[in-house]
Amino acid sequence: MPDAGYIVAAVAIMAVVTFALRAVPFAIVMPLRSSALIGYLGVYMPAGIMLILVAYSLKNVSVTAPSHGIPELIAVAATAAVHLWRKNAVLSIVVGTGLYVVLMNWAFA
Amino acid sequence: MVIDPASFSTTAVVDHDRRHSPEWRRALQASLPVGIGLVPLGIALGVLVVQQGLNPWWAMVFTSLIYAGSLEFIAVGMVATLTPLPYIALTALLVNFRHVFYALSFPLDRVKGRLARFYSMFALTDEAYAMSVTGDRRSMTGRVMVYSQLYLHAYWIGGAILGATAAQWIPENIVGLDFALTALFVVLSIEAVRAQSGFAVPAIAVSCALIARLVDAEHMLPIAMGAFVSLLVVRYHVTRRKVPTDA
């Protein structure tokens, strides 16, 4: 287990960076409002960042391992399908995760 | 934490009969739908903290002080594997960079008092942003906004404590609960792709992610996000230059 000093430092760094990202822009909000580039990034960045996070959360999945990433593919597809159908974030997450747990512990165990 | 505005109803606040109820109660009603999503994710985070071999107490520290859901999930793994601090700082910067855009439209001017403003900025999560900009303007006073943020924070910390406690009874051989994070990002991707136009930028992002994964799986997040944002800036300049010549 990592020692407490290291975790405290890590938490402090993440807390400061996160707070700075949320608070500093308010101080410079007027010049930002007029920047066309910032407006452009504000429209197009979120979708890309979220997709990169999907890929990151699946980075340990290997297509050459026994299950070939099939349970992940099924669960991601099910999550997306439920979300496109019902547009309910909670339902999509619960169904996707539940299905993945079932697949991993029984079907692909 | 990250949930799209469109996926949560804030109709409770719009209800005329309820506009005269106390602000703390209006905030509770408005934040409840978001809380239904936050609590299970908090539980998943608490379980993950314990499963990664960290002391359950850290679940409470993470959720109280960092208070940025997607970063916290990633942080548990980074801390458990003793990731160097500069890399942790860079990851925090890239994962939460989207928050800088919230200042452009978050109505902080409605919040009165230094402490309340400080907290409101600290707790400006995706959900808090979503609630403030989608709720009914007249009933979403500064105080209702800050109360709502306090409730969302409480749901998140409470869920994590519940998860860290329950993790002792969840059989170790049950795997896959961490898929809640992937599912959350899938949901947010769908909402975010809908909010912009076309599939060119999402395709660029997926390509960046896949290439970064092949190049260096350990550092794929900063590589992919750095490359993606750089390409987005290039695309902005290219498409802007094209406009006058096309016209």
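Helices here are DSSP runs (H or I, at least four residues), numbered from the N terminus, and their axes are lines fitted to C-alpha atoms over the stretch in contact, with angles running from 0 to 180 degrees between N-to-C directions. The structure is a predicted model, in which local features need pLDDT of at least 70 and side-chain atom pairs count only at pLDDT 80 or more, while totals for chains, interfaces and linings use all residues. Residues are numbered from 1 along each chain as its sequence is written, chains are lettered from A in the order in which they are written, and side-chain values use heavy atoms, without hydrogens and water.

Helix α2 (residues 23-51) of chain B and helix α8 (residues 142-166) of chain B have axes that come within 6 Å and cross at roughly 25°. Angles under 35 degrees count as roughly parallel, and α2(B) and α8(B) are therefore roughly parallel to each other. Their crossing is right-handed, a term for a near helix turned clockwise from the far one by less than a right angle. By class, this contact of α2(B) with α8(B) has 21 nonpolar, 7 polar and 3 charged residues. Nonpolar covers Ala, Val, Leu, Ile, Met, Phe, Trp, Tyr, Cys and Pro, charged covers Asp, Glu, Lys and Arg, and the others, Gly among them, are polar.

The axes of helix α1 (residues 4-27) of chain A and helix α5 (residues 85-95) of chain B come within 9 Å and cross at roughly 30°. That angle makes α1(A) roughly parallel to α5(B), and the crossing is right-handed. In contact (heavy atoms within 4.5 Å), residues of α1(A) including Tyr6(A), Ile13(A) and Leu21(A) meet residues of α5(B), among them Leu85(B), Ile88(B) and Leu93(B). The contact of α1(A) with α5(B) has 12 nonpolar, no polar and no charged residues.

Aromatic rings also pair. Rings of Phe, Tyr and Trp (its six-membered ring) pair if their centres lie within 6.5 Å; planes under 30 degrees apart count as stacked, over 60 as edge-to-face and the rest as tilted. The whole structure has 8 aromatic pairs over all chains. Phe26(A) and Phe106(B) form an edge-to-face pair, 6.3 Å centre to centre with 70° between the planes. Phe26(A) lies in helix α1 of chain A and Phe106(B) in the loop between α5 and α6 (114-122) of chain B, so the pair joins two chains. Both Phe26(A) and Phe106(B) are buried, that is, under 20% relative accessible area (1.4 Å probe, protein chains only).

Tyr40(A) and Tyr236(B) form a tilted pair, 5.1 Å centre to centre with 55° between the planes. This pair crosses from helix α3 (residues 36-57) of chain A to helix α11 (residues 220-246) of chain B.

Terms used. Parallel < 35°, antiparallel > 145°, perpendicular 65-115°, else oblique. Buried < 20%, exposed > 50% of the residue type's maximum accessible area, 1.4 Å probe, protein only.
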